[in-house]
Amino acid sequence: MWAILIGAALIIGGLLFLFRSALGRTPSDLHQMPQGGSTLEPRRQGLRFLGVSRNWPALAVIAVGVLLLAFGGYS
């Protein structure tokens with residue numbers, strides 16, 4: 001039973017750790033687009049913050065949680 005609870009907590013903690021970089025960003029200022037109009041989208045934001053190389057600790061915590069959930073029911 002404890003393995004399942006710890007596994008669930010690790011998955012939730014891993015997800016929060018994974019989304020920490022996206023949730024911790026400050027809102028962008030309103031700026032004009034070259035095509036006209038205004039937007040709140042950040043300038044030149046790539047998808048690098050979603051890469052595996054930056055998020056491997058969170059993915060490892062989630063993987064350990066999944067293993068505990070999968071094998072915790074057998075003990």
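**Exercise 1.** What does the accessible surface of the protein chain come to, and what percentage of that surface belongs to carbon and sulfur atoms?

*Solution.* The structure is a predicted model. The accessible surface of the protein chain is about 6100 Å². Of this surface, 68% belongs to carbon and sulfur atoms. Buried residues account for 16% of the 75 residues in the chain.

**Exercise 2.** Determine the order of helices and strands along the sequence.

*Solution.* The protein chain contains two helices and two strands. Reading along the sequence gives the pattern α-β-β-α.

**Exercise 3.** Identify the buried residues of α2 and the element against which they pack.

*Solution.* Helix α2 covers residues 52–72 and has a kink of about 40° centred on A58. In this helix, N55, A58, I62, G65 and G72 are buried. The buried residues of α2 pack against α1, which spans 2–23. Among the residues of α1 that take part in the meeting of the two helices are I4, G7, L10, I11 and F17.

**Exercise 4.** Among contacts between residues at least 6 apart in sequence, find the percentage that join residues at least 24 apart.

*Solution.* In the protein chain, 59% of the contacts between residues at least 6 apart in sequence join residues at least 24 apart.

Note on methods: Residues numbered from 1 in each chain as written. Predicted model: local features only at pLDDT ≥ 70, side-chain atom pairs only at ≥ 80, totals over all residues. Heavy atoms only, no water. Helix = DSSP H or I, 4+ residues; strand = E, 2+ residues; numbered from the N terminus. Buried < 20%, exposed > 50% of the residue type's maximum accessible area, 1.4 Å probe, protein only. Contact = heavy atoms within 4.5 Å. Areas by Shrake-Rupley, 256 points an atom, 1.4 Å probe, with all protein chains shown as cover. Bend = angle between axes of the 7 residues up to and from the residue.
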